[in-house]
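Student: I would like to go through this model piece by piece. Shall we begin with its core?

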Amino acid sequence: MARLSRLSLPGRLHHILQRGNNRQAVVLDDEDRAALLQALRDEAAQAQVAVHAYVLMDNHLHLLATPATAEGVSQMMQGLGRRYVRAFNRRHGRSGTLFEGRYRSTLLQPEPHLLQAMAYLDLNPVRAGQAASAADWPWSSHGHYAGLRQSDWLQTHPLYWALGNTPFARQQAYADAVQAGISQQQHAALGRAAHSGWALGDEDFLAQVQAEADRRVTPGRPGRPSKPAESE
């Protein structure tokens, strides 16, 4: 069976997952994390990709982003791999690959999935037992949206602006939403979409995306395809 091509469309919200090869660590210390973020910032600007949110973990990273072109996400991730891996290998005296050969990505319908996905990213360190709360993990975009620090390279999605009429109101509403968490069903749906590459949204959204895409955006029905009806 042919490998499913990545689904990437300009102007659409993407959830991107990049893991370490064989799940090995892609950062060893804060200097690596700062270098990875700087490389991401530069490559996103070069590829015309608006990064809305991120989380860096020891052996993987998640991004929520909207590319201006169909090739933008691929260009950003390829550039990130070349630039960061070269610097990582040089610093740590190693050679060879660092990331999995293929990053994973999918399309999300912004409403309601953007804010759910941002919480999904923010809570990743909490689920992994590396932080007591999202606010305690400095290597995600949570602090930017909760008013704890400023990351001027992030491009805020309009749905965040709708959380309140003032910066404080938006920050508080966002922090409260992340603290409340997401349901197991929402978590599972976001995880499945990221790993499978199938788009996540309602029927109208999926129909719109399918009209723009050059491959299926949802899985086919299980089992053998039905035989076409004979003409009369």
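Student: Which residues touch the most other members of the largest nonpolar core?

Tutor: First, a caution: this is a predicted model, where local features need pLDDT of at least 70, side-chain atom pairs count only at pLDDT 80 or more, and totals for chains, interfaces and linings use all residues. Residues are numbered from 1 along each chain as its sequence is written, and side-chain values use heavy atoms, with hydrogens and water left out. A nonpolar core is a set of buried Ala, Val, Leu, Ile, Met, Phe, Trp, Tyr and Cys residues joined through side-chain atoms within 4.5 Å, and buried means under 20% relative accessible area, exposed over 50%, partly exposed in between (1.4 Å probe, protein chains only). Among the 53 residues of the largest core, those with the most contacts to other members are Leu64, Met76 and Tyr84.

Student: Which element gives the most to this core?

Tutor: Helices (H or I, at least four residues) and strands (E, at least two) are DSSP runs, numbered from the N terminus. At least two core residues come from each of β1, α1, β2, β3, α2 (72-92), α3, α7 (167-180) and α8. With seven residues, the top contributor is α2.

Student: Which residues does leucine 64 touch?

Tutor: Contact means heavy atoms within 4.5 Å. Residues up to four places away in sequence are not counted. The partners of leucine 64 include Leu13, Ala50, Val51, Leu108, Leu114 and Met118.

Student: What is the strand order of the open sheet?

Tutor: Two strands pair if DSSP finds at least two bridges between them. This sheet has four strands with antiparallel pairing, in the order β2-β3-β1-β4.

Student: Is β2 largely enclosed or open?

Tutor: Eight of the eight residues of β2 are buried. The strand therefore counts as largely enclosed by the rest of the structure.

Student: How many bridges join β2 to β3?

Tutor: β2 and β3 (residues 60-67) form a hairpin with three residues between them. Valine 55 stands opposite histidine 62 in β3. The strands run antiparallel, and the bridges joining them number seven.

Student: At what angle does α8 run to β4?

Tutor: Axes are lines fitted to C-alpha atoms, for helices over the stretch in contact, and angles run from 0 to 180 degrees between N-to-C directions. Helix α8 lies across β1 and β4. Those two strands pair antiparallel over five bridges. The angle between α8 and β4 is about 125°.

Student: Which residues of α8 are buried?

Tutor: Cover for its buried residues includes β1 (13-19), β4 (104-108) and α3 (110-122). The buried residues of α8 are Ala189, Leu190, Gly191, Ala193 and Ala194.

Student: Where is the cis peptide bond that has an omega of about 20°?

Tutor: Proline 112 has its place in helix α3. The cis bond joins glutamate 111 and proline 112.

Student: Is asparagine 22 buried or exposed?

Tutor: Asparagine 22 sits in the loop between β1 and α1 (30-47). Its phi is positive, about 55°, although it is not a glycine. Its relative accessibility is 70%, so asparagine 22 counts as exposed.
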